[in-house]
Amino acid sequence: SAEYIGNLASNRASKKLSPKKPPTGKFPVIFDERVSSSLISHLISAINGSSISRGASWLLNDLNKKILPVELTLTEEPLRKSIYSSTSFDGEGLPKKNRNFIEDGYLKSWILDLYSSRKLKMAPTSNASFSVSSPSMPTVTNMKLTEGKKSQDELIKDIQKGLLVTSLIGSTINPLTGDYSRGASGFWIENGEICYPVNECTIAGNLREMFRNIITSNDSKKTKSFMIPSILVESLTVGGM
């Protein structure tokens, strides 16, 4: 309802009044459910057949290798009901089905259209997409990452000092090395509690190291195309004061 949306927006805005800069150092960082899909999008880009065929991916040599914790699976669910991006076939007319690109932590498949599959001499994964102004490109529809057992609040309680990221600004991602740097804002955590809002800080790390030990919460939204819960990265460099 309009009342619910208005209250939610005003509560979020009021909690961010009088922000501070966080301390500088290496800390655990939680990506809130509202921004966690952007982190997973970097992983999806790295396993895109177009990037792989050009040799422009930090996961170029990692097919069938472990890149996530063993309890996590990344699945495309193109036939999910009541989602605007759901479809039974891709842009080249190939039938769609549920597919685990990453299963139990292991990278099982690239994201392929017919062109990239031929370049790589592999079977296509029915992931072609066309636009009016460009040729076919591998893309995904609905994605789902395995949820964890803890809520976001429970993840926060386990942190002595860290950062909860609720918005991201800009990005510097090296597609060859996986080096990651983004502007961020959110809330500083101490002794398992949110202490104060933070702004004008930078978070940085390497995507390969970041994904190796991530922990997911149980708060993914079932109405979204990307069902990605909050994600805890055990150690990132936070640049603040």
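**Figure 1. Strand 8 and strand 9 run antiparallel in this predicted model**. Ile 169 stands opposite Gly 183 in strand 9. Ten bridges join the two strands, strand 8 and strand 9. Together they form a hairpin, with five residues between them. In that turn, Gly 178 has a positive phi of about 80°.

**Figure 2. Strand 9 also pairs with strand 10**. Strand 10 covers residues 193-206. Its pairing with strand 9 is antiparallel and runs over eleven bridges. Here Tyr 180 faces its opposite residue, Gly 205 in strand 10. Two residues lie between the strands of this hairpin, and Asn 191 takes a positive phi near 50°. Strand 9 spans residues 179-190 and is mostly covered. Of its twelve residues, nine are buried.

**Figure 3. Strand 7 meets strand 12 in the parallel sense**. Strand 7 consists of residues 143-145. Two bridges make up this pairing. Lys 144 stands opposite Met 227 in strand 12.

**Figure 4. The largest nonpolar core has 44 residues**. Those with the most contacts inside it are Phe 31, Leu 39, Leu 43, Leu 68, Leu 163, Ile 203 and Phe 211. Helix 2 (residues 36-46) supplies the largest share of this core, five residues.

**Figure 5. A close-up of Leu 68 and its contacts**. Neighbours within four places in sequence are left aside here. Leu 68 is then in contact with Leu 43, Ile 102, Gly 105 and Leu 145, and also with Phe 211, Arg 212 and Ile 214. Leu 68, Leu 43 and Phe 211 are among the residues with the most contacts inside the largest nonpolar core.

**Figure 6. The largest pocket has a volume of about 540 Å³**. Its lining comprises 19 residues. Nearest the pocket centre lie Leu 8, Arg 12, Asp 32, Arg 34 and Gln 152. By class, the lining has ten charged, six nonpolar and three polar residues. Helix 1 (2-15), helix 5 (152-157) and strand 8 (161-173) are the elements that give two or more residues to this lining. Helix 1 gives the most, with five residues.

Technical notes:
Residues numbered from 1 in each chain as written. Predicted model: local features only at pLDDT ≥ 70, side-chain atom pairs only at ≥ 80, totals over all residues. Heavy atoms only, no water. Core = buried A, V, L, I, M, F, W, Y, C linked by side-chain atoms within 4.5 Å. Buried < 20%, exposed > 50% of the residue type's maximum accessible area, 1.4 Å probe, protein only. Helix = DSSP H or I, 4+ residues; strand = E, 2+ residues; numbered from the N terminus. Contact = heavy atoms within 4.5 Å. 1 Å grid on protein atoms, 1.4 Å probe; cavity = no way out; pocket = protein on both sides within 12 Å on 5 of 7 lines; lining within 4 Å. Points joined across faces, edges and corners; volume = space filled by probe spheres on them. Nonpolar A, V, L, I, M, F, W, Y, C, P; charged D, E, K, R; others polar. Pairing = 2+ DSSP bridges.
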